[in-house]
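Here are a few notes to read alongside the coordinates. I hope they are handy as you look around.

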Protein chains: 2
Amino acid sequence: MKDRREALPSAAGPPSPERRRPVALVAVGGHAFIQKGETGTIDEHWRNAAHLCGRLMTLVERGYELVITYGNGPQVGNLLLQQESSPDDVPAMPLDVLVAQTEGWLGYILQQALLNHLRSRHMRRFVVTVVTQVLVEPDDPAFRDPSKPIGPFLDQAAAEERARTLGWKIKEDAGRGWRRLVPSPQPVEVVQRLSIADTVAQGHIVLAAGGGGIPIVRDEETRAYRGVEAVIDKDLTSAVLAADIGADLFVILTSVPQVYTDFGGPNEKALGALTLQQIETLRDAGHFPRGSMGPKINAIINYLRTGGTRALITNPDSLEAAINGAAGTHFVGRI
Amino acid sequence: MKDRREALPSAAGPPSPERRRPVALVAVGGHAFIQKGETGTIDEHWRNAAHLCGRLMTLVERGYELVITYGNGPQVGNLLLQQESSPDDVPAMPLDVLVAQTEGWLGYILQQALLNHLRSRHMRRFVVTVVTQVLVEPDDPAFRDPSKPIGPFLDQAAAEERARTLGWKIKEDAGRGWRRLVPSPQPVEVVQRLSIADTVAQGHIVLAAGGGGIPIVRDEETRAYRGVEAVIDKDLTSAVLAADIGADLFVILTSVPQVYTDFGGPNEKALGALTLQQIETLRDAGHFPRGSMGPKINAIINYLRTGGTRALITNPDSLEAAINGAAGTHFVGRI
């Protein structure tokens, strides 16, 4: 395997030779903190994070530097629910601030769980969560067509009132009630990419881009950064960040051990390893639906097309076997 | 007390000579985001942060590396209020998680405001918020005597029910109702101090230790880190961090331009400059009450006693004049 770490940008200059380790960027879902049937108590968050981070130790033990990105779907949903029922004298915060809150919340949970695994193995590594802004384009088509349902299910009258008073776009969702739709624009640039790369180069484990990152735009008049009411797909942001920091391996952890064609159908088939060309062909044939594996496959393709070499989709419990080449779905880009 | 600067470990080694700029650590209060008469809307947060960060640019323009710590009193109070009235199916989060949420929230606000000031001045500097855990001792006397009132004012019956069911310690507060009391233990160690020092050494502006840091202890049986329901004084944590990273200047920004003896009394006198010995003498004579200037003075003393050289207390609007020696209260330690 060719060493791409030459390309790693760093204000500190190249890391000293004994610190040169390959970099893995691992994306985990917000549902990793809340198992089926759980309500998302803090004890459940701690227990699930401890299990997940135990699995991630495999990568540390194999000598990887680690960047971990994380989703926040259920958690930001709970914050929105709390705001709905909040007393009038507590001002509601917009979605960009709520994403920032979940970045702190879940970053703390993950960093503490990781530190405890490291210390119990007597490994002197440090862990740091970076509050991450992600730039999107103000003219991204997603802003004209909000499509991502978030927050509580409302009855029709309540939803329509908010549409009138707050300008929400709303939609009936799966027979369960009415929900707010927000835009999900494409990530363009991770604002803290240089600090993240520098911190990784120094051997620290970095948690970043929680919830896909805090969505901001550059104001067209003032050129200042400004938060927007949107959510960014965390796998797409992860692909941008993985390419930016020259990650040698991009892992998406999800709830299934492998990627399948005709998932749930009569010809379901697990995929072992694919080239960039093969996965693009399957994607273009419509094998990966928009609501499930589609965004993850697009993230993998983006990473490989922007210089990535190896990627993997699997679940946490199959990660070790996948690293040994005995599980997961592997993707190969340029050598 | 030992000099913490000698002990500073750094994976990065000493910064290269051309990068050696003095480091200032500036502590700002959570009230800096909400002016008198305001309720704490997001627009008020942005406007106040922009003003504050404009004042902080003076330090950047004078060639300082910058670490900024920040309080979270009003914001964590609002999150507690929201949890009080939250629907039952949204699990309440403990205080350590709420502190982590405000670290993300206010870190985002500050980093965006700073980036906008930097970019409008065409300065290519990066800003990063570090989610910060702070270790306290499980046998800190504060845990036996919770004294810090937090969260909503309740009527007596509601407060007593929570005391019974949740084990809260409660107290009638200033005739306005009953509140929960939580411990305010001494900060012992900033867990992310090394990552913070490394990031500063690379020229990035770092926001850290929001709300005094997320309070954690090392479990006496398992030795694992564990969050605790407590709040740490942000000025005391700032002093520990300032000493740990070898800050050359420690600034506490507050609502008054100077420190006074006999504040509000007939012999009120503004203090211009004091040695460590002078300020200790005034402190021991009871000039700085526990509920106002006391903790800030103790933080300054801790910093100077652990190797700090220069410290300053003033308000944001006097900062520039204070740097010119024409305002503020200055403290000098060892040369």
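What percentage of the 335 residues in chain A do buried residues make up? Please keep in mind that this is a predicted model.

1. **Burial and surface.** Buried residues account for 57% of the 335 in chain A. The chain exposes about 13800 Å², and carbon and sulfur atoms supply 49% of that area.

2. **Overall dimensions.** Chain A has a radius of gyration of 20 Å, which agrees with the value near 20 Å for a compact globule of 335 residues. Along the principal axes, its C-alpha atoms fill a box of roughly 60 × 50 × 45 Å.

3. **Secondary structure and contacts.** You will find nine helices and 17 strands in chain A. Taking the contacts in chain A with a separation of 6 or more, 73% are between residues 24 or more positions apart.

4. **Charges.** Chain A carries 35 positive and 38 negative side chains. The centres of these two sets lie 6 Å apart.

5. Asp96(B) sits in helix H3 of chain B, which covers residues 95-120. Asp96(B) is buried but has no salt bridge. The nearest side chain of opposite charge belongs to Arg226(B), 8.5 Å away; the cut-off for a salt bridge is 4 Å. Setting aside neighbours within four places in sequence, Asp96(B) is in contact with Trp46(A) and Tyr108(A) from chain A, and with Ile214(B), Pro215(B), Gly227(B) and Val228(B) from chain B.

6. **Phe143(A) in its loop.** Phe143(A) belongs to the loop between strand S4 (133-135) and strand S5 (148-154) of chain A. Not counting residues up to four places away in sequence, Phe143(A) touches several residues, including Pro138(A), Pro183(A), Pro185(A), Val217(A) and Val228(A). The C-alpha atoms of Phe143(A) and Glu229(A) are separated by 9.5 Å, with the two residues 86 apart along the chain.

7. **Positive phi at His122(A).** His122(A) is not a glycine, yet has a positive phi of about 55°. The residue is in the loop between helix H3 (95-120) and strand S3 (127-131) of chain A. With a relative accessible area of 75%, His122(A) is exposed.

8. **Positive phi at Arg223(A).** Here too phi is positive in a residue other than glycine, with a value near 65° for Arg223(A). Arg223(A) lies in the loop between strand S10 (214-218) and strand S11 (225-227) of chain A. Its relative accessible area of 48% makes Arg223(A) partly exposed.

How values were computed: Residues numbered from 1 in each chain as written. Chains lettered and ligands numbered in written order. Predicted model: local features only at pLDDT ≥ 70, side-chain atom pairs only at ≥ 80, totals over all residues. Heavy atoms only, no water. Helix = DSSP H or I, 4+ residues; strand = E, 2+ residues; numbered from the N terminus. Buried < 20%, exposed > 50% of the residue type's maximum accessible area, 1.4 Å probe, protein only. Lys, Arg positive; Asp, Glu negative; His and termini not counted. Contact = heavy atoms within 4.5 Å. Rg over C-alpha atoms; globule rule 2.2 N^0.38 Å. Areas by Shrake-Rupley, 256 points an atom, 1.4 Å probe, with all protein chains shown as cover. Charge placed at Lys NZ, Arg CZ, Asp CG, Glu CD.
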